[in-house]
Every structure is written in structure tokens, then in C-alpha cells.
Amino acid sequence: AGAFTARVVWPHGLSAEGGNADSICVVLEYDADQDGVGDYVALMTGDAEKEQLAAMIGEGAVGHVDILKVGHHGSRNGATDDEMQVLSPQVALISCGAHNRYGHPTQETLEQRDAVGAATFRTDERGAISCVFMGDAVVVRCET
């Protein structure tokens, strides 16, 4: 039961340079009781960085979210402290490889998530991660 909607909020067009600024960002809403009001909101950011996130927030395309797929594998360019305060996710998902050469996620990124009270789940530590909507709660399931 329930209904999902997906809304692409970034990019508005593709740049000639391509790259992270062209990452497709999607807001997912789950209406558990099908009353027309989203009960849970998730933002999937791909490799988008803080400039793109600032634009999405500034345009009103996204605000508070329950789940955030952290941008750019948890690099320091993924979000500012102010952006994290606006989003204030309950759950932060970071997709990164174990022992990657970039040092992702950065300590700064992890501290930003802690500052807003987000429970952080990382693929380098937990393997595949999924979020299941169970009535009035989001259940996070991890491979390990």
C-alpha cells in the first residue's frame, strides 16, 4: 500500500563540461496512507556538490528530508553546514568504496551528519543498504 512519486529537481539542463554538476538529483516522496500528502521524503543526489545543493534549496525544490543519499561519496564538496541544517535528514546514506584513494567519506562530512542527528550508513562499512518504509518508521537494512 502507499504511493511513491519521483521528481527530478536537478539539473535544469546539461552543461557543456558535464561532470558532477550534471548529476541527476531526485526527490522521492512516499505517501504511506495515500491521503495525498507525502509522509516520507528522500533526496538522491548522485555526485552533485554543494553548489548544486544550494541551488536546489534556494529554488525551493527541496527542504527537510527524511533520507539523504549524501552527494559525491561523502566528499567535503558534497554539502555545507547550512545546507545540512536545512535538510536535517534522519538517515544519511553514503556510497563509497572501502579504502578508496580519495579518503571518502571525509571526517568533516561525517561530523556534519552527526551535527544534525542523522544516523549515517556507509556502503564501505555495511555493504548494500536499503530503506524500507514500514507505516510510521523507516527501517534501514544493511548487507553486513
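Author: Threonine 5 stands opposite glutamate 29 in S2, and in this predicted model strand S2, residues 25-31, is joined to S1 by 7 bridges, the two strands running antiparallel. Both belong to an open sheet of 6 strands, whose order is S1-S2-S3-S4-S5-S6 and whose pairing is mixed. Strand S1 (3-10) and strand S6 (119-122) are the edge strands, each of them pairing on one side only, and from one strand to the next the twist averages 15°. Helix H1, residues 50-58, packs on this sheet, where it touches S1, S2 and strand S3 (40-44), and its direction makes about 115° with that of S1.

The nonpolar side chains come next. In general, nonpolar side chains of soluble globular proteins tend to be buried together. Here the largest nonpolar core has 24 residues, and those that touch the most other members are Leu43, Met56, Val62 and Leu87. Two or more residues of this core come from each of S1, S2, S3, H1, helix H2 (81-87) and strand S5 (91-94), with H1 giving the most, 3 residues. If residues up to four places away in sequence are not counted, valine 62 touches Val27, Leu43, Met56, Ile57 and Leu87. Apart from this core lies another, of 8 residues, which includes Tyr30, Tyr40, Ala42 and Phe133.

The aromatic rings can be followed from there. The structure holds 5 aromatic pairs. One of them is formed by tyrosine 30 and tyrosine 40, and it counts as stacked because the ring centres are 6.4 Å apart and the planes stand at 20°, an angle that falls under the 30 degrees required for that class. This pair links distant parts of the chain, since tyrosine 30 lies in strand S2 and tyrosine 40 in strand S3, 10 residues apart. Tyrosine 30 has a relative accessible area of 9% and is therefore buried, and tyrosine 40 is likewise buried, with a relative accessible area of 9%. Tyrosine 40 also forms an aromatic pair with phenylalanine 133, a tilted one, with 5.1 Å from centre to centre and 40° between the planes. That pair, too, links distant parts of the chain, with tyrosine 40 in strand S3 and phenylalanine 133 in strand S7 (residues 129-134), 93 residues apart. Phenylalanine 133 is buried because its relative accessible area is 18%, where the cut-off is under 20%. Finally, Phe4, Tyr30, Tyr40 and Phe133 form one aromatic cluster.

Key:
Residues numbered from 1 in each chain as written. Predicted model: local features only at pLDDT ≥ 70, side-chain atom pairs only at ≥ 80, totals over all residues. Heavy atoms only, no water. Pairing = 2+ DSSP bridges. Helix = DSSP H or I, 4+ residues; strand = E, 2+ residues; numbered from the N terminus. Axes fitted to C-alpha atoms, helices over the stretch in contact; angles between N-to-C directions. Contact = heavy atoms within 4.5 Å. Core = buried A, V, L, I, M, F, W, Y, C linked by side-chain atoms within 4.5 Å. Buried < 20%, exposed > 50% of the residue type's maximum accessible area, 1.4 Å probe, protein only. Phe/Tyr/Trp six-rings, centres within 6.5 Å; stacked < 30°, edge-to-face > 60°.
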